[in-house]
Amino acid sequence: MTRTVYVNGDYLPETEAKVSIFDRGFLMADGVYEVTSVLDGKLIDFDGHAIRLERSLGELDMRNPISKEDLLEVHRELVRANEINEGLIYLQITRGSDGDRDFAFPDPETTVPTIVMFTQNKPGMADSPASKKGAKVISIEDIRWGRRDIKTVQLLYPSMGKMMAKKVGCDDAWMVEDGFVTEGTSNNAYIVKGNKIITRALSNDILHGITRAAVLRFAREAQMEVEERNFTIDEAKEADEAFTTSASAFVMPVVEIDGVALGDGTPGRIAPRLREIYLDEMRKAAV
Ligand code: PDD
């Protein structure tokens, strides 16, 4: 099926959607993005993603070309046109193109940002076999830039990290800086000790995950203890459980770190429970 995608105000077949070769997103990774999940044909945590998008744009002095109301409308229209029941909506806004290449930002009065959106159909995403098996991760050095709180499209190193993991038969990589885990290549990272969930505190070092915020809220409501602090890979290897969160994989148990099985090497108790609560609650609040 040819997807219907959205480019700068138009709905087009994916084969007809075009962006300039001078677009700064293409030339300089000068752009930000969001990934919002769809369950039962409805958007999960749309508000959270819209607020973070606004923040990312603001941090980069980039103009937001679309109102929140219109953004919601485009998301819904793409879900409808592409008949998405379970899947993802990818949104990217770049600083656009003034028809040449220059390190200096183009004049925002005359250069309009580029906005692109498309769907990814993922039937069975909520009930994925991978979440029942759990993920195996390796640790790698975090060599990304210092503003990881901005959701930019500079994803080369996370892509390389994913490939390093695949090369050794694993699913993902956790990045480590100054001895402490920052986050996964495309998710936030957690360990569990007894009834306590430990995850790095928010700062410029990690993306402020929309799924993270919801999952920590549900954990606290379920009387689980949450500690926001740094942890090392050695501490993670000794943990009872571990997991990651993201809009694309929700709560994903981690069963192995650098070849060391956690607990009995199966998903454990807390992560599957949190996944269940997250999916139940978010389905109820979906728009
Ligand atoms: N990635 N950390 C990083 C580096 C991420 O790329 C992501 C999301 C997260 C989790 O954020 P959220 O819960 O808001 O999805 C944390 C998306 C899913 C992606 O790049 O596809």
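How far does a polar side-chain atom of lysine 151 lie from a nitrogen atom of the ligand, and what is that distance in Å? The separation is 3.3 Å. The points below concern a predicted model and begin with the ligand.

1. Considered on its own, the ligand exposes 470 Å², of which the protein buries 90%.

2. Nonpolar core. The largest nonpolar core has 30 residues. Its members that touch the most other members are Leu39, Ile197, Phe243, Val251, Leu274 and Tyr278. Two or more residues come from each of the strands E3 (31-39), E5 (87-94), E10 (188-193) and E14 (250-257), and from each of the helices H6 (210-221) and H8 (270-285). The most is given by H8, which supplies seven residues.

3. Helix H3. This helix covers residues 68-81, 14 residues in total, and its first and last C-alpha atoms are 20 Å apart, close to the expected 20 Å. Its buried residues are Leu71, Leu72, Val74, His75, Leu78 and Val79. Viewed down the axis of H3, these buried residues fall within an arc of 160°, so they line one face of the helix. An α-helix has 3.6 residues a turn, so positions three or four places apart point the same way. The face of H3 turned away from the buried side carries the exposed residues Glu69 and Arg80.

4. Histidine 75. This residue lies in helix H3. Histidine 75 counts as buried because its relative accessible area is 2%, under the 20% cut-off. Its side chain reaches the backbone oxygen of leucine 71 at 2.8 Å. Leu71 is itself one of the buried residues of H3.

5. Helix H5. Twelve residues, 156-167, form this helix, and it reaches 16 Å from its first C-alpha to its last, close to the 16 Å expected. Tyr157, Pro158, Gly161 and Ala165 are its buried residues. They cover an arc of only 100° around the axis, and therefore sit on the same side of H5. Leu156, Lys166 and Lys167 are exposed on the face turned away from that buried side.

6. Positive phi angles. Most residues other than glycine have a negative phi. Which residue with a positive phi follows H3? Glutamate 83 does, with a phi near 50°, although it is not a glycine. Glutamate 83 is found in the loop between H3 and E5 and is exposed, with a relative accessible area of 63%. Aspartate 178 also is not a glycine and has a positive phi of about 50°. The loop that holds aspartate 178 runs between strand E8 (172-177) and strand E9 (180-184). Aspartate 178 is exposed, its relative accessible area being 71%.

7. Alanine 214. In sequence, alanine 214 and glutamate 281 are 67 residues apart, while their C-alpha atoms are 9.4 Å apart in space.

8. Alanine 249. The loop between strand E13 (241-246) and E14 holds alanine 249. This alanine counts as partly exposed because its relative accessibility is 24%, which falls between the cut-offs of 20% and 50%. Alanine 249 and serine 131 are 118 residues apart in sequence, with a C-alpha to C-alpha distance of 8.0 Å.

9. Glutamate 238. This residue lies in the loop between helix H7 (233-237) and E13. With a relative accessibility of 66%, glutamate 238 counts as exposed. Glutamate 238 and leucine 262 are 24 residues apart in sequence and 7.0 Å apart in space, taken C-alpha to C-alpha.

Technical notes
Residues numbered from 1 in each chain as written. Predicted model: local features only at pLDDT ≥ 70, side-chain atom pairs only at ≥ 80, totals over all residues. Heavy atoms only, no water. Helix = DSSP H or I, 4+ residues; strand = E, 2+ residues; numbered from the N terminus. Expected span 1.5 Å × (residues − 1). Buried < 20%, exposed > 50% of the residue type's maximum accessible area, 1.4 Å probe, protein only. Arc of directions from axis to C-beta. Polar contact = N/O pair within 3.5 Å; in protein donor to acceptor, adjacent residues only side chain to side chain. Areas by Shrake-Rupley, 256 points an atom, 1.4 Å probe, with all protein chains shown as cover. Core = buried A, V, L, I, M, F, W, Y, C linked by side-chain atoms within 4.5 Å.
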